[in-house]
Amino acid sequence: MLTFLVCLTALVIAYFTYGRYLERVAAIDPARSVPSETLFDGVDYVPMPRWRVFLIQLLNIAGTGPIFGAILGAAFGPVAFLWITLGGIFMGAMHDFLSGVMLVRNDGLSIPEAAGRYLGTGMRQFMRLFSVVLLVLVGAVFLLSPADILSGMVPSVPHTVWVWLILAYYFVATLLPIDKIIGKIYPIFGVALILMALALLGVLLFGPYRIPELTTLTNAQLDPHSVPIVITIACGAISGFHATQSPLMARCVRNERECRSVFFGAMISESIIALIWAAVAMAFFGGAGELSAALGEHGGSAAWAVDTISNGMLGVVGGVLALLGVVAAPITSGDTAFRSARLIIADMLHLEQRSKLKRFYICIPLFAVGYWITQVDFDVVWRYFAWTNQTLATIVLWAIVVFLQRRRSNRWVGLLPALFMTFVCSSFLFVSDQFLGMENRTAAYACGVAVTVAVTAGMLLKLKHDAKSNS
């Protein structure tokens with residue numbers, strides 16, 4: 001339990017220390033105008049109270065990542081605690097905060113448009129396509145996972161019916177102004193998500209469960225060559241999906257001073273939730289090896305694990321409440337995924353969004369593609385979503401490096417994570433059976449190093465060119 005408690009404490013302390021340091025790096029200015037006041041449109045640009053924006057941001061970025069991803073990652077062993085904590089603080093929270101500030105200072109534009117101002121036109125075009133693909137994948141994932149849980153809770157209702165009901169809700173929520181459905185009910189679900197995690201933490205700390213300690217880095221997975229932990233725990237440590245969601249709240253914050261609690265604070269909160277679920281999964285099944293074996297017997301289903309854990313630890317009533325929280329989290333991320341995709345396309349085509357008809361025209365093809373993806377095996381969709389998600393985060397990290405360089409701030413806070421994630425995502429291409437699946441792992445990782453060196457060299461040339469242009 002000591003490893004878990006140390007990691008939990010580190011996450012809390014980081015909000016008050018590293019978060020404040022990043023505020024100085026970004027030169028937060030409470031007197032600077034924000035998009036919600038300069039571009040107010042009553043649809044997407046709408047000022048809302050900080051507590052409300054924080055809870056919406058938490059739900060938007062959470063989804064099933066800090067729950068499903070943490071459970072699957074816990075099968076690696078207590079090393080998951082380190083990745084969630086260190087990754088969550090120095091990569092995820094930093095990524096979310098600085099990209100959030102970057103978006104606020106670029107009129108709350110969607111991430112491809114904002115990042116394109118720092119990485120160039122070519123990257124803007126690539127990110128437009130890449131981001132929309134990611135968001136539709138997210139929408140599909142967050143259609144399937146809550147539908148799976150709901151069909152398990154109410155077996156009399158076919159799975160397909162749940163998919164269509166959730167899809168219909170997504171369509172309505174994506175079209176309406178952000179302060180209607182999202183602004184009103186999401187804070188309630190946000191509180192429920194936090195209370196669910198706290199309830200599990202209470203049982204974990206005061207119940208008959210033992211949380212494994214970090215004594216070895218040995219992989220407890222049944223298949224030691226399975227998906228790397230940094231890809232598996234997706235949103236638990238760093239997520240490009242978050243950068244696609246942040247424009248929604250960048251258009252709603254009322255002051256730059258709110259950015260730390262909204263962007264940094266939401267990611268720290270998500271990391272805490274992921275840490276709790278990882279600990280719960282290992283403790284409930286008696287260890288990482290036992291968890292891995294149990295998942296193997298049930299087709300690797302994290303949804304099954306959530307159902308078993310919730311009912312086993314919280315009883316019938318608590319289990320139902322916990323499951324409803326798990327259902328609400330992906331649904332509230334799914335509709336904002338489609339909403340973000342709508343904004344990306346609208347920004348790309350320069351289409352104002354006051355018109356309901358123009359919003360409708362954008363949404364129809366998005367939802368058609370999203371539904372088609374739901375026909376693909378969920379495990380396959382999740383794996384490709386996870387890699388795509390982390391790759392987008394890597395691109396955003398490089399945009400942050402340029403953003404800091406132009407401000408003559410400490411670019412190392414973004415550069416080191418950018419280097420690390422470039423290696424992770426590029427080596428995954430050569431290692432994973434999803435892509436090239438090279439059997440010679442030494443050669444595969446060498447290829448990852450080569451790609452990282454090439455990307456870094458290109459970015460250093462860009463930074464040098466930027467420095468000359470601004471001198």
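A salt bridge is a side-chain nitrogen of Lys or Arg within 4 Å of a carboxyl oxygen of Asp or Glu, and the structure holds twelve of them. The model is predicted: local features need pLDDT of at least 70, side-chain atom pairs count only at pLDDT 80 or more, and totals for chains, interfaces and linings use all residues. Residues are numbered from 1 along each chain as its sequence is written, and side-chain values use heavy atoms, with hydrogens and water left out.

**View 1. Salt bridge between aspartate 44 and arginine 342.** The closest N and O atoms of the two side chains are 3.1 Å apart. Aspartate 44 lies in the loop between helix H3 (35–38) and helix H4 (50–62), and arginine 342 in helix H15 (residues 302–349), so the pair links distant parts of the chain, 298 residues apart. Helices (H or I, at least four residues) and strands (E, at least two) are DSSP runs, numbered from the N terminus. Aspartate 44 is buried at a relative accessible area of 3%, and arginine 342 is buried at 0%. Buried means under 20% relative accessible area, exposed over 50%, and partly exposed in between (1.4 Å probe, protein chains only).

**View 2. Salt bridge between glutamate 113 and arginine 128.** The N to O distance is 2.7 Å. Glutamate 113 belongs to helix H7 (residues 111–119) and arginine 128 to helix H8 (residues 121–153), so the bridge ties together parts that are 15 residues apart in sequence. Both residues, glutamate 113 and arginine 128, are buried.

**View 3. Salt bridge between glutamate 352 and lysine 358.** Here the closest N and O atoms are 3.5 Å apart. Glutamate 352 is partly exposed, with a relative accessible area of 35%, and lysine 358 is partly exposed as well, at 33%.

**View 4. Aromatic pair of tryptophan 387 and phenylalanine 435.** The structure holds 21 aromatic pairs. Rings of Phe, Tyr and Trp (its six-membered ring) pair if their centres lie within 6.5 Å; planes under 30 degrees apart count as stacked, over 60 as edge-to-face and the rest as tilted. In this pair the ring centres are 5.0 Å apart and the planes stand at 55 degrees, so the pair is tilted. Tryptophan 387 is in helix H17 (residues 378–406) and phenylalanine 435 in the loop between helix H18 (412–431) and helix H19 (441–470), a link between distant parts of the chain, 48 residues apart. Tryptophan 387 is buried at 13% relative accessible area, whereas phenylalanine 435 is partly exposed at 28%.

**View 5. Aromatic cluster and the charge over tyrosine 15.** One aromatic cluster is formed by Tyr15, Phe16, Tyr18, Tyr21, Phe90, Phe97 and Phe264. Over the ring of tyrosine 15 sits the charged end of arginine 260, 4.5 Å from the ring centre. For this term, NZ of Lys or CZ of Arg must be within 6 Å of the ring centre and within 35 degrees of the ring normal.

**View 6. Buried side of helix H2.** Tyr18, Gly19, Leu22, Glu23, Val25 and Ala26 are buried in helix H2 (residues 18–26). They cover an arc of only 160 degrees around the axis, which puts them on the same side of H2; the arc is that of the directions from the helix axis to the C-beta atoms. Just after H2, alanine 27 takes a positive phi of about 55 degrees.
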